[in-house]
Amino acid sequence: MSPVSGGEYGRNMVDTVSAGQARRIALAAQGFGRTASAGSTGTGTRQLNLLIQKLGVLQLDSVNVFERSHYLPVFARLGGYDKALLDRLTFGPRSHYTEAWAHQAAIIPVQSWPLWRWAMDARRTPTSNWGRWANANGPILEFLRSELAAKGPLAAGKIEHDANVRKGPWWGWSDVKTGLECLFMTGEVVTAGRTRFERIYALAEHQLPAEIIDRSIPKHDAVRELVRSGAQALGIGTVRDIADYWRLPQALTKAAIGELIDSGDLLPVTVGARGRAGRRAGQGTGRSAGEGGDRGGGNDSGAPAFLHRDARIPRRIEHSALLSPFDPIVWERARALRMFGFHYRIEIYTPASKRIFGYYTLPLLMDDAIVGRIDLKTDRQNSVLLVQSAWREADAIIDLERVAALLRDTAHWQGMERITVVGPGDLSAELAGALGG
């Protein structure tokens with residue numbers, strides 16, 4: 001039997017966990033499990049740092065119809081906090097964080113940057129997409145290096161060059177923007193913050209500490225550490241789950257998992273068949289809790305699951321949250337379906353007439369189940385949080401008062417004065433009633 005920490009519940013000897021336990025392990029590993037309140041004065045720099053260190057990453061995305069994605073995992077776990085504080089922490093001068101292509105475009109601790117040097121080096125090779133672009137556009141890259149060396153951090157739009165014109169549609173990148181991204185993806189350039197979400201570029205040696213620039217980590221060791229940290233952030237998962245946390249090749253991930261089992265960092269476990277979240281008052285169940293129970297903890301079609309040695313196994317999770325589409329709990333859609341029975345597809349790029357649930361639907365987490373989805377829009381001009389649709393997962397039992405309280409907290413955090421339910425969904429009418437309108 002394998003030793004697994006039960007946190008405040010003591011130490012247990014387990015080699016099998018139920019599907020329900022697996023869900024709670026995953027949520028606890030991601031920082032869920034305490035009731036958060038909007039406007040809490042207790043959420044400061046220390047709490048933000050601790051959470052980002054636990055997650056290892058905040059994925060970035062430009063969509064701002066409700067709120068940009070990197071703010072949402074923090075709110076989901078800690079409740080109301082000052083977004084300006086997170087901005088200063090992650091994008092401000094002397095920040096201990098930087099950006100990298102880690103999972104996707106993301107904020108990571110500066111100390112993690114050297115772990116990605118092998119990937120940056122690979123993008124320089126002549127056969128890679130970025131390598132081919134660099135070989136064909138050497139003069140542009142030399143110009144950009146000299147501009148950043150002479151003038152310091154610059155946004156793409158501030159660089160004067162004949163090639164700095166967009167190509168094709170409005171979203172098309174100029175050669176200057178593409179060149180800056182090429183230098184960013186290969187590690188010569190990093191971000192020096194953002195202005196209105198526009199990336200500011202700087203030479204790595206001007207922005208990162210020398211000891212970070214000079215640190216050399218062999219690919220094998222870097223991959224093993226990324227696999228270890230990804231497994232710890234997930235709590236429990238399959239090879240595919242763990243590989244996806246940092247978008248690593250599965251073959252490399254599988255090899256690293258073998259070494260981490262030998263070192264005792266990871267423990268092979270079997271996820272028990274059939275697990276449903278409880279139906280006690282206020283706890284959601286529904287499709288998210290019952291379908292595919294025999295695969296519920298990351299046991300991908302019979303594949304083995306791996307538990308991090310420091311994972312807690314809480315008896316219960318009591319937490320309500322709206323999750324970003326890019327939250328680690330749901331960003332790997334197959335894992336969300338397997339673990340929570342939650343089929344999730346973001347519909348931003350789906351024509352309006354073909355959308356099923358809405359433009360920017362947020363999964364609704366209630367305790368250890370995903371019980372619904374709510375499409376939100378922040379109408380900043382009129383100070384209204386718009387519920388554009390609200391849907392219940394099949395058979396889910398939802399405490400409407402808790403959802404209403406969560407939406408009020410959300411509106412307060414966004415600085416909105418009112419909440420209005422304006423759209424369709426089988427939960428919309430009930431939610432409007434619970435909100436008192």
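## Helices H6 and H8

H6 and H8 cross with left-handed geometry. The model is predicted. Two packed helices are described by the angle between their axes and the distance between the axes. For H6 (residues 129-136) and H8 (residues 175-185), the angle is about 125° and the axes lie 10 Å apart.

Which residues of H6 meet H8? Trp130, Trp133 and Ala134 do. On the H8 side, the contact is made by Asp175, Thr178, Gly179, Glu181, Cys182 and Met185. By class, the contact of H6 with H8 has five nonpolar residues, two polar and two charged.

## The three-stranded sheet

Strands of a sheet pair through backbone hydrogen bonds, either parallel or antiparallel. Here, three strands form an open sheet in the order S4-S6-S5. The pairing is antiparallel. Which strands stand at the edges? They are S4 (58-59) and S5 (97-102). Each has a single partner strand, so one side of each is left without a neighbour in the sheet.

S4 pairs with S6 (residues 104-109) over two bridges, in the antiparallel sense. Glutamine 59 has alanine 106, in S6, as its bridge partner.

H2 (residues 45-55) lies across S4, S5 and S6. Relative to S5, H2 runs at about 20°.

## Aspartate 244 in H12

Aspartate 244 sits in helix H12, which spans residues 239-245. Is aspartate 244 buried or exposed? Its relative accessible area is 12%. The cut-off for buried is under 20%, so aspartate 244 counts as buried.

What does aspartate 244 touch, leaving aside its neighbours within four places in sequence? The contacts are His103, Trp331 and Glu332.

## Leucine 260 in H13

Helix H13 (residues 250-263) holds leucine 260. With a relative accessible area of 4%, leucine 260 is buried, because that value falls under the 20% cut-off.

Neighbours within four places in sequence aside, leucine 260 is in contact with Arg224, Val227, Arg228, Asp265 and Leu266.

Conventions: Residues numbered from 1 in each chain as written. Predicted model: local features only at pLDDT ≥ 70, side-chain atom pairs only at ≥ 80, totals over all residues. Heavy atoms only, no water. Axes fitted to C-alpha atoms, helices over the stretch in contact; angles between N-to-C directions. Helix = DSSP H or I, 4+ residues; strand = E, 2+ residues; numbered from the N terminus. Left-handed = near helix turned anticlockwise from the far one by under 90°. Contact = heavy atoms within 4.5 Å. Nonpolar A, V, L, I, M, F, W, Y, C, P; charged D, E, K, R; others polar. Pairing = 2+ DSSP bridges. Buried < 20%, exposed > 50% of the residue type's maximum accessible area, 1.4 Å probe, protein only.
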